[in-house]
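This report is intended for a reader meeting the structure for the first time. Please look over the sequence and the model before reading on.

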Amino acid sequence: KPSVQVNAYTCDRCGCEIFQPITTKQFTPMLECPSEECKNNNSKGQLFLSTRASKFLPFQEVKIQEMADQVPVGHIPRTLTIHCLGTLTRQINPGDVVDVAGIFLPTPYTGFKAIRAGLLTDTYLEAQHVNQHKKAYDDLVFDAKTFRRIEQYKHSGHMYEYLSRSIAPEIYGHLDVKKALLLLLIGGVTKEMGDGMRIRG
């Protein structure tokens, strides 16, 4: 979603354009025109927001979690909020394994919330660089050895068991549940309803 950087207003009396820089998450919109013409005429011109002249920046809030193999036994995975701006937005998708470099900052509170929080504050990471570990399907390159293994599994007649066991391998047993999840993932068929609506399988 876009994050506003500069708000632009137009006065209905004098026609002046007023710009309001936004540096915090919350702000109060300007209502009265502060131009010299309105002050001299003693007419309190009403300001109307102009989205075309305002400046916006792409913004994305991401929550990342520790990898399952890096969490100590008996502990809950820690999470961290990341703010991505500009070209860094839409680079992280659910399920991705990423390295993020950035600036560790406290979340600023304003108003009554700041009084209640006292010295405690939430933190977030302002991302500066994102490194993807998972490759996209288009970037994957299979060698002859991988194709031979796929053919070997296909002719073995146990592909259903191999695929179901590959779902959540760190959880022992529950083969029936894993087979049900596998069928839910790949067992659907595309349906076309009578009114022309298509349900993707």
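The sections below take up confidence, domains, pockets and a few individual residues.

## Basis and confidence

The model is predicted: local features need a pLDDT of at least 70, side-chain atom pairs count only at pLDDT 80 or more, and totals for chains, interfaces and linings use all residues. Residues are numbered from 1 along each chain as its sequence is written, and side-chain values use heavy atoms, with hydrogens and water left out.

The pLDDT, which is the predictor's confidence in each residue on a scale from 0 to 100, averages 83 over the chain. A score of at least 70 is reached by 93% of the residues. Confidence is highest in strand E5 (residues 79-85), with a mean of 91, and lowest in helix H2 (residues 112-117), with a mean of 66. Helices (H or I, at least four residues) and strands (E, at least two) are DSSP runs, numbered from the N terminus.

## Domains

The chain is divided into domain 1 (2-53), domain 2 (58-132) and domain 3 (144-199); such bounds come from an automatic or database domain assignment. Taken over C-alpha atoms, the centres of domain 2 and domain 3 are separated by 34 Å.

## The largest pocket

Grid points are joined across faces, edges and corners, and a volume is the space filled by probe spheres set on the points.

The largest pocket has a volume of about 770 Å³. Its lining comprises 23 residues, and Thr23, Thr24, Lys25, Gln26 and His83 lie nearest the centre. Strand E1 (2-11), strand E4 (55-65), E5 and strand E7 (123-132) are the elements that give two or more residues to this lining, and E1 gives the most, with 4. Domain 1 and domain 2 both give residues to the lining, so the largest pocket lies between them. By class, the lining has 9 nonpolar, 8 polar and 6 charged residues; Ala, Val, Leu, Ile, Met, Phe, Trp, Tyr, Cys and Pro count as nonpolar, Asp, Glu, Lys and Arg as charged, and the others, Gly among them, as polar.

## The second largest pocket

The second largest pocket holds about 530 Å³ of space. It is lined by 20 residues, with Ile64, Gln65, Glu66, Asp96 and Val98 nearest its centre. At least two lining residues each come from E4, E5 and strand E6 (98-106). E4 gives the most, with 5 residues. The lining divides into 8 nonpolar, 7 polar and 5 charged residues.

## Residues with positive phi

Most residues other than glycine have a negative phi. Arginine 90, which is not a glycine, has a positive phi of about 65 degrees. Arginine 90 lies in the loop between E5 and E6 and counts as exposed, at 76% relative accessibility. (Buried means under 20% relative accessible area, exposed over 50%, and partly exposed in between, with a 1.4 Å probe and protein chains only.)

Histidine 174 also has a positive phi, near 55 degrees. Its place is in the loop between helix H4 (159-165) and helix H5 (175-186), and histidine 174 counts as exposed because its relative accessibility is 53%.

Glutamate 17 is found in strand E2 (residues 17-21) and is partly exposed, with a relative accessible area of 47%. Leaving aside neighbours within four places in sequence, glutamate 17 is in contact (heavy atoms within 4.5 Å) with Tyr9, Thr10 and Ala53. The C-alpha atoms of glutamate 17 and phenylalanine 48 are separated by 9.6 Å, although the two residues are 31 residues apart along the chain.

The loop between E2 and helix H1 (36-40) contains serine 35, and leucine 31 also lies in the loop between E2 and H1. Serine 35 is buried, with a relative accessible area of 9%, whereas leucine 31 is exposed, with 64%. With neighbours within four places in sequence again left aside, serine 35 is in contact with Cys14 and Cys16, and leucine 31 with Gly45, Gln46 and Leu47. Leucine 31 and aspartate 195 are 164 residues apart in sequence and 50 Å apart in space, C-alpha to C-alpha.

Notes
1 Å grid on protein atoms, 1.4 Å probe; cavity = no way out; pocket = protein on both sides within 12 Å on 5 of 7 lines; lining within 4 Å.
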